[in-house]
Amino acid sequence: MARPPAPADHPDEAVRASASPAERARALRYSLGRFLAAGGAQDSFQAHVRQTADELDRFNAIVAEGAFELTFQPVVSLADGELHHFEALTRFEASESPADTIRFAEELDLILDFDLAVLARVVDALAKTPAEVRIAVNVSALSLMTPDFLAAFQAVAGSETDPGRLMVEITETQALGDLDRADRLIGELRAAGHPVCLDDF
């Protein structure tokens, strides 16, 4: 059934065209928080919604087009100074701070699709590197707690990947509200052969 058009001055109009209903709701919630944090006096609420809508469109394009780069930071053992693994870090051309883009994705519950896109890029990198190279992929705790995370992770990781070479680093661990469930999921990743560590736990 077709939706009635939003009034021209309605804030929902800015995100209606390209967002799903759930994305729209989250974008409006995020915009209101941004508006209130700014004191509610400098700009109109609609301006904050339009800014959020623009960022939502840009982020969805980043995921769809794979418009991000990975850098590989070596992690060495403190015991002997030897290379332990590489951590895959994301860089965006249009953003000075990757943390801002990641935080936006987490706030709007878009982070799982992005984490899976990064995972696919890391799996591809592993296929091109020597067998002794291990790479850790960052996975948001919010992604981990998504109901279909494990199946989606395993589908992208693929059966041909040596699981011991694909490490998982859980970020934003303060979001692990259900610790029993998180423990089960981490246990399943480890049982599949993936080393798992917690970032800043």
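This is a predicted model: local features need pLDDT of at least 70, side-chain atom pairs count only at pLDDT 80 or more; totals for chains, interfaces and linings use all residues.

A: Residues are numbered from 1 along each chain as its sequence is written, and side-chain values use heavy atoms, with hydrogens and water left out.

Q: How many salt bridges does a search of the whole structure find?

A: A salt bridge is a side-chain nitrogen of Lys or Arg within 4 Å of a carboxyl oxygen of Asp or Glu. The search finds 2. One joins Asp100 and Arg103, with the closest N and O atoms 3.1 Å apart. The other joins the side chains of Asp124 and Lys128, at 3.0 Å from N to O.

Q: Where do Asp100 and Arg103 lie?

A: Helices are DSSP runs of H or I with at least four residues, strands are runs of E with at least two, and both are numbered from the N terminus. Asp100 and Arg103 both belong to helix H4 (residues 98-107), 3 residues apart, which is about one turn of the helix.

Q: Is Lys128 buried or exposed?

A: Buried means under 20% relative accessible area, exposed over 50%, and partly exposed in between (1.4 Å probe, protein chains only). Lys128 has 65% and counts as exposed.

Q: What does the side chain of Asp80 make a polar contact with?

A: A polar contact is a pair of N or O atoms within 3.5 Å; within protein, one must be able to donate a hydrogen and the other to accept it, and residues adjacent in sequence count only if both atoms are side-chain atoms. The Asp80 side chain contacts the side chain of Ser77 at 3.4 Å and reaches the backbone nitrogen of Glu82 at 2.9 Å. Asp80 sits in the loop between strand S1 (69-76) and strand S2 (83-91).
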